[in-house]
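Trainee: I would like to learn how to read a model like this one. Please take me through it feature by feature.

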Amino acid sequence: MLPNIKALRKKAGISQQVLADFLGVSQQSINQYENRDVEPDLYLLSAMADYFHTSIDFIVGREAVDDDQSHIISTHLSQREHLLLEKYRALKPSEQRCVDTVVNTLLQKL
C-alpha cells in the first residue's frame, strides 16, 4: 500500500523507530507498512504526509513523482541545528506545539 514511504524515510535520513515514535505506533508497524503487509488508517496516512511534507497520493503511489518541493528551504544548518530539527520532527504534534510555545515565550523576552 505504501510504495514510497520507505524512500521518503530514507531520504529524510530517519529510522523506522523515529517515524514510529512520531506517529505513536511500533517500529514493527512501520516495517509492515513499508512491506505492504498492513495498511494504516487515514489518520496515520495524513500524519505521514504532514511529516514528510508531501501528499497522501504520493505516499500510496497514486502520484509517480513528489513534484511539490516548495516546502524545501535552501539553508545551511549547523550540526547542532540539524540535530535539533531531527529531534523536533520526531516529536508528536502536541509535543511540537509545546516546544513552539516555549520558543515563542523565550523570544518575547528578548
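Mentor: Start with the elements: helices (H or I, at least four residues) and strands (E, at least two) are DSSP runs, numbered from the N terminus. In this model, His 53 lies in the loop between α4 (42–52) and α5 (56–59). The model is predicted: local features need pLDDT of at least 70, side-chain atom pairs count only at pLDDT 80 or more, and totals for chains, interfaces and linings use all residues. Residues are numbered from 1 along each chain as its sequence is written, and side-chain values use heavy atoms, with hydrogens and water left out.

Trainee: What does the pLDDT of the protein chain average?

Mentor: First the term: pLDDT is the predictor's confidence in each residue, from 0 to 100. The protein chain averages 82, and 85% of its residues score at least 70. Over residues 68–75 the pLDDT is below 50. That stretch has four contacts in the model beyond near neighbours in sequence; a contact means heavy atoms within 4.5 Å. Where pLDDT is low, the predicted coordinates should not be read in detail.

Trainee: Which elements have the lowest and the highest mean pLDDT?

Mentor: Helix α6 (residues 79–90) has the lowest, at 82. Helix α3 (residues 27–34) has the highest, at 93.

Trainee: Which residues of α4 are buried?

Mentor: Buried means under 20% relative accessible area, exposed over 50%, and partly exposed in between (1.4 Å probe, protein chains only). In α4 the buried residues are Leu 44, Leu 45, Ala 47, Met 48, Ala 49, Tyr 51 and Phe 52. They pack against α1, α2 (16–23), α3, α5 and α6.

Trainee: What caps the N-terminal end of α4?

Mentor: Look for a polar contact: a pair of N or O atoms within 3.5 Å. Within protein, one atom must be able to donate a hydrogen and the other to accept it, and residues adjacent in sequence count only if both atoms are side-chain atoms. Here Asp 41 is the cap, with a side-chain oxygen 3.2 Å from the backbone nitrogen of Tyr 43.

Trainee: And just after α4, what phi does His 53 take?

Mentor: A positive one, about 55°. His 53 is a residue other than glycine. Its relative accessibility is 41%, so His 53 counts as partly exposed. Thr 54 is also found in the loop between α4 and α5. Thr 54 counts as buried, at 14%. Thr 54 and Leu 8 are 46 residues apart in sequence, yet 9.3 Å apart in space, C-alpha to C-alpha.

Trainee: How many salt bridges does the count come to?

Mentor: Side chains of opposite charge can pair when their charged atoms come close. The rule asks for a side-chain nitrogen of Lys or Arg within 4 Å of a carboxyl oxygen of Asp or Glu. The count comes to three. One of them joins Arg 9 and Glu 34, at 2.5 Å from N to O. Arg 9 lies in helix α1 (residues 5–12) and Glu 34 in helix α3, so this pair ties together parts that are 25 residues apart in sequence. Arg 9 is buried at 5% relative accessibility, and Glu 34 is buried at 10%.

Trainee: Where do Glu 86 and Arg 89 lie?

Mentor: Both are in helix α6, three residues apart, about one turn of the helix. Glu 86 is buried at 16%, whereas Arg 89 is partly exposed at 29%. Asp 57 and Arg 62 also meet in a salt bridge, at 3.7 Å. Asp 57 is partly exposed at 31%; Arg 62 is exposed at 69%.

Trainee: What does the side chain of Gln 96 reach?

Mentor: The backbone oxygen of Tyr 88, at 2.9 Å. Gln 96 has its place in helix α7 and counts as buried, at 17% relative accessibility. Leaving aside neighbours within four places in sequence, Gln 96 is in contact with Phe 22, Tyr 88, Arg 89 and Leu 91.

Trainee: Val 103 is found in helix α7 too. Is Val 103 buried or partly exposed?

Mentor: Val 103 is partly exposed, with a relative accessible area of 40%.
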